[in-house]
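Take a look at the sequence and the model below.

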Amino acid sequence: MDVGTTIGALALPCPVLAASGTAGHGAELAAYGDLAALGAVVVKSLAAEPWTGNPAPRVHGTAGGAAMLNSVGLQGPGVEAWVADELPALQATGARVVVSLWGRSVGDFRKAAELVAAAPDGIAAVEVNLSCPNLDGGRHLFAQSPSDSADVIGEVVDALGGGRPVWAKLTAVTASIVEVAGAAAEAGAAAVTCINTLLGLGIDVERRSYVLGSGPAGGGLSGPAIHPVAVRAVHDVHRALPDLAVIGVGGVVSGVDAVELLLAGASAVQVGTATFADPRACWRVADELRSWCMEHGVASVRELIGAVHGR
Ligand code: SIN
């Protein structure tokens with residue numbers, strides 16, 4: 001059976017990708033499976049400069065294990081150090097590499113993209129993280145606004161000079177994710193990734209204090225609890241913008257979860273939080289998706305994409 005897919009013009013041999021923030025900056029997951037067998041590895045978001053991230057504790061299990069709060073705060077070595085120290089080992093695995101970028105301003109994003117433009121070949125795409133809830137208490141959620149999103153995407157596309165496709169990573173914490181997706185596409189995004197974590201907060205009732213080191217700023221909620229929110233976002237964006245490629249992410253723990261996002265309109269899915277519980281989750285989801293297709297007489301996963309819309 002054919003599990004190949006395309007995201008815009010980018011052909012991938014498998015529709016299951018490792019989500020940003022859950023596979024490290026390099027080849028960490030290679031100890032658990034063949035990274036080249038996945039659609040791609042999206043590395044943890046990088047800024048132009050190194051950044052230390054937020055104080056510990058940075059992660060907290062919640063909702064009876066069905067969700068996780070994180071406030072990592074985008075710790076990373078910066079694009080230049082990543083290109084020198086992490087990218088070669090990741091490329092040596094044969095993985096298709098997607099670099100995720102973050103910034104506090106349009107200029108920050110541009111600077112990071114310029115460094116990527118100067119990097120050697122072998123970066124398949126650039127995912128622009130417009131939606132991290134953990135920067136200065138969520139004050140840099142560009143993806144809450146269509147115009148802010150378009151400003152960032154336009155600069156990144158320009159800085160990359162057309163060399164690499166740009167994906168915009170969006171949040172459901174906005175009045176209309178469809179409008180934001182449309183603005184990102186208009187500004188040059190080849191795809192949108194739906195969705196990042198949702199804004200959350202946890203309180204330790206015994207200590208009467210916050211569970212995360214970020215304190216009142218809280219963190220991002222991820223895992224199976226947010227899966228229906230991701231399905232809704234993918235569904236609504238695909239319905240309104242059927243020609244725009246959508247990558248679905250949010251609480252994917254099984255092949256059936258992946259099928260659901262594909263039916264809603266995703267061309268590919270990312271596995272994130274599940275990897276923390278099971279570092280082989282990406283490969284298991286891909287195997288389960290393949291088995292599901294065979295059991296249901298689906299010859300190509302492309303048959304599934306957007307099928308719930310009846311087009
Ligand atoms: C983080 O490092 O805080 C998570 C990144 C994100 O949610 O975009």
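## The ligand and its surroundings

The side chain of Lys44 has an N or O atom 2.6 Å from an oxygen atom of the ligand. Keep in mind that this is a predicted model. The backbone takes part too. Gly73 places a backbone N or O atom 2.7 Å from a ligand oxygen. Leu74 has a polar backbone atom 2.7 Å from an oxygen atom of the ligand.

| Residue | Part of the residue | Distance to a ligand oxygen |
|---|---|---|
| Lys44 | side chain N or O atom | 2.6 Å |
| Gly73 | backbone N or O atom | 2.7 Å |
| Leu74 | polar backbone atom | 2.7 Å |

How much of the ligand does the protein bury? Taken alone, the ligand exposes 260 Å², and the protein buries 92% of that. The ligand sits in the largest pocket.

Now for the shell around the ligand. Lys44, Asn70, Val72, Gly73, Leu74, Asn129, Cys132, Pro133, Asn134, Asn196 and Thr197 surround the ligand. Sorted by class, this shell holds four nonpolar residues, six polar ones and one charged one.

## The cysteines

How many disulfides does a search of the whole structure find? The search finds zero. Cys132 is in no disulfide, and the nearest cysteine sulfur, in Cys194, is 16 Å away. Is Cys132 buried or exposed? Cys132 is buried, with a relative accessible area of 8%.

A disulfide needs the two sulfur atoms within 2.5 Å. Cys293 is buried as well, with a relative accessible area of 0%.

Conventions. Residues numbered from 1 in each chain as written. Predicted model: local features only at pLDDT ≥ 70, side-chain atom pairs only at ≥ 80, totals over all residues. Heavy atoms only, no water. Buried < 20%, exposed > 50% of the residue type's maximum accessible area, 1.4 Å probe, protein only. Near = heavy atom within 4 Å. Polar contact = N/O pair within 3.5 Å; in protein donor to acceptor, adjacent residues only side chain to side chain. Areas by Shrake-Rupley, 256 points an atom, 1.4 Å probe, with all protein chains shown as cover. 1 Å grid on protein atoms, 1.4 Å probe; cavity = no way out; pocket = protein on both sides within 12 Å on 5 of 7 lines; lining within 4 Å. Sits in = over half its atoms within 2 Å of the grid points. Nonpolar A, V, L, I, M, F, W, Y, C, P; charged D, E, K, R; others polar.
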